[in-house]
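Here is a briefing on the structure below. It starts at the contact between the chains, then turns to cores, chain layout and confidence.

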Amino acid sequence: MGEPLLVQSPGVPGSPVVTVAPGWAFAAVAVLGALVVVAAMLDGALSARSAGGPAGGAARPFGEVARLMRQRRRTTVQADSLLWRIGGAGLLVAAALMVAVVPLGRWTIFDLDVGVMWFNAMDVMVWALVWLTGWGANSAYSLVGGYRFLAHGLGYELPLMFALVAPAIAAQSLNVGKVAAAQEGLWFAVWMPVAFLVYLLGVAAFSVWGPFAPALGSDVAGGVRAELSGVDRLVFEAGRYALLAAGAAFSVPMFLGGGAGPVLPDWAWVLLKTLAVLWLLVWLRRRLPAFRPDMFLEVGWLVLLPAVLVQDLLVAVLAVWRT
Amino acid sequence: MDMSPGGIPLAEGGEDRDGLQLDVLKVRLGPVLPHWPAGLVLHCALQGDVVTEVRAEVLDAGDEGRDDADALARALDNLVSVLALAGWEGAAAQARRIRDAALETGDRPEDLEGLERLRRRVRRSWTLRWSLRGLRPLTEEEVRHHGLPPDAVGDTYDRLIRMMDRAATGTRQDDRPVFRVEHLALLVIGLDLAAARLVLASLDVHELQADHTQHEVAHG
């Protein structure tokens, strides 16, 4: 990777990262796409291994893509096509907007002074997108999937927000680059483990992944995606992987020291750490039973939320004490 | 005003359990669904995803001849269903693998590789316990009243553990009481879809089903 064409960042004075020319957004989307492919291959390999079949599950996503590309698009009676398509395609867009504020080492596409809030806004948008996908199809099963996602959302969203608050307090900035730079020597994941864990749960949740997958449950014929077929389904699934990858990428500047690391250049460290977190999230899918949507609210509000608030308090006290 | 756009009647509103107005959707579950007792049909009224009314019927299910390997595979099948409905793909895949091995080799359960490991894994999982504990608990009296087998006592988690034990020891239960389908409907009213399906799967209805049709045939 050559040295990108730099432009001066006017917005954030003293920013530790440099804003690259807007054209590099294509490169960022390409990296996100590569992460999606890697995550899907990994999931295919793990599925094949747990089913005990012959090896080679890593190639499964490609077969699946070929199948979906040729599949005829089905539609339902009186579907609200516009909202339905917005929902299905929106996940990819939301994920791309998330990675826009993630610095790849020293370079960032969009050096926003409230980058953390930006990420949060995108993950809240996922609520609407998943719900619209479930609602637009005009099908009872999709609708039930949508309800399940909202029930999970009520449980995970506030803990996730407060988990994002902790690094921001410690860094005394909402700029993602500054949060990464504030972790000189000690990663935030180390001294705010509760916030990190809750954040990872939140990423799985807004990707409708693993224990948060009842919204796509096989007991309701695939839930939200029950009526999605062909390219629509492909885009929806890619969107889920992209959200997972974007969540993993965002955890690097927030909790894992950004590009800090020996020997390798900083952008390589960001990619490596992203891959590690992504691997963890993909692997997690098969390890845990689903969190039942009707019961998760209790966990979210009585366990996760207090835990993460105490974490925020500790971080705030430490931050005040250190200044 | 067009009350059935596209030929589908509009959902009518009704008071839900919190006294709010919510659409009532008519949904038929079965007779063929993954992880579902074959032939069972539930005509449900759903508000949101909560089952508010149910009418149950059984479509004719022929009684296939079975041997011991079948009984074990069937027990493991039920286990796969509960684990899959609980959203635990890893354990469900493991159970499915053991089931296939049981059918292929015709081994007795104690010879089956991995069954004991699966049993330990299921028992150790606290998330599974948390999600199934307290789900449709049945007292001994209720079990008798609904005509369920005596080992249906307890909540869904208890039933799963017993199902696991049955599979691990290869016990066949030939003396199951006659199962009455209209009682099933009573058991799932008020639950949401996911919970209703978990409860049904935990009751091990596969084996009960055949008894019911036999009963009908006997009196027909």
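B:Glu89 pairs with A:Arg285 in a salt bridge, with the closest N and O atoms 3.0 Å apart. The count of salt bridges between chain A and chain B is one. The model is predicted.

**Interface**

- Seven residue pairs are in polar contact between chain A and chain B, both residues of each pair being at pLDDT 80 or more.
- On the side of chain A that touches chain B, helix H1 (25–51), helix H5 (140–171) and helix H11 (293–322) of chain A each supply at least two residues.
- H5(A) gives the largest share of that side, six residues.
- In terms of contact, 27 residues of chain A meet 35 residues of chain B.
- The two chains, A and B, bury about 2,400 Å² between them. Carbon and sulfur atoms carry 60% of that area.
- Which three residues supply more of the area that chain A buries against chain B than any other three? They are A:Asp219, A:Pro289 and A:Arg292, with 24%.

**Nonpolar cores**

- The largest nonpolar core holds 76 residues. Within it, A:Tyr199, A:Phe206, A:Phe250 and A:Phe255 touch the most other members.
- Helix H9 (residues 230–255) of chain A contributes twelve residues, the largest share of this core.
- Beyond four places in sequence, A:Tyr199 is in contact with A:Phe119, A:Leu160, A:Ala163, A:Leu164, A:Gly247, A:Phe250, A:Ser251 and A:Phe255.

**Layout of chain B**

- Chain B has four strands and nine helices. From the N terminus on, the order is β-β-β-β-α-α-α-α-α-α-α-α-α.
- Of the 220 residues in chain B, 50% are buried.
- Take the contacts in chain B between residues at least 6 apart in sequence: 59% of them join residues at least 24 apart.

**Confidence in chain B**

- The mean pLDDT of chain B is 77. In this chain, 80% of residues reach 70 or more.
- Helix H4 (residues 126–132) of chain B has the highest mean pLDDT among the chain's elements, 89. Helix H9 (residues 205–219) of chain B has the lowest, 44.
- Over residues 208–220 of chain B, pLDDT stays under 50. The model still has 20 contacts beyond four places in sequence for this stretch.

How values were computed:
Residues are numbered from 1 along each chain as its sequence is written. Chains are lettered from A and ligands numbered from 1 in the order in which they are written. This is a predicted model: local features need pLDDT of at least 70, side-chain atom pairs count only at pLDDT 80 or more; totals for chains, interfaces and linings use all residues. Side-chain values use heavy atoms; hydrogens and water are left out. A nonpolar core is a set of buried Ala, Val, Leu, Ile, Met, Phe, Trp, Tyr and Cys residues joined through side-chain atoms within 4.5 Å. Buried means under 20% relative accessible area, exposed over 50%, partly exposed in between (1.4 Å probe, protein chains only). Contact means heavy atoms within 4.5 Å. pLDDT is the predictor's confidence in each residue, from 0 to 100. Buried area is the accessible area (1.4 Å probe) that two parts lose on being put together, summed over both. A salt bridge is a side-chain nitrogen of Lys or Arg within 4 Å of a carboxyl oxygen of Asp or Glu. A polar contact is a pair of N or O atoms within 3.5 Å; within protein, one must be able to donate a hydrogen and the other to accept it, and residues adjacent in sequence count only if both atoms are side-chain atoms.
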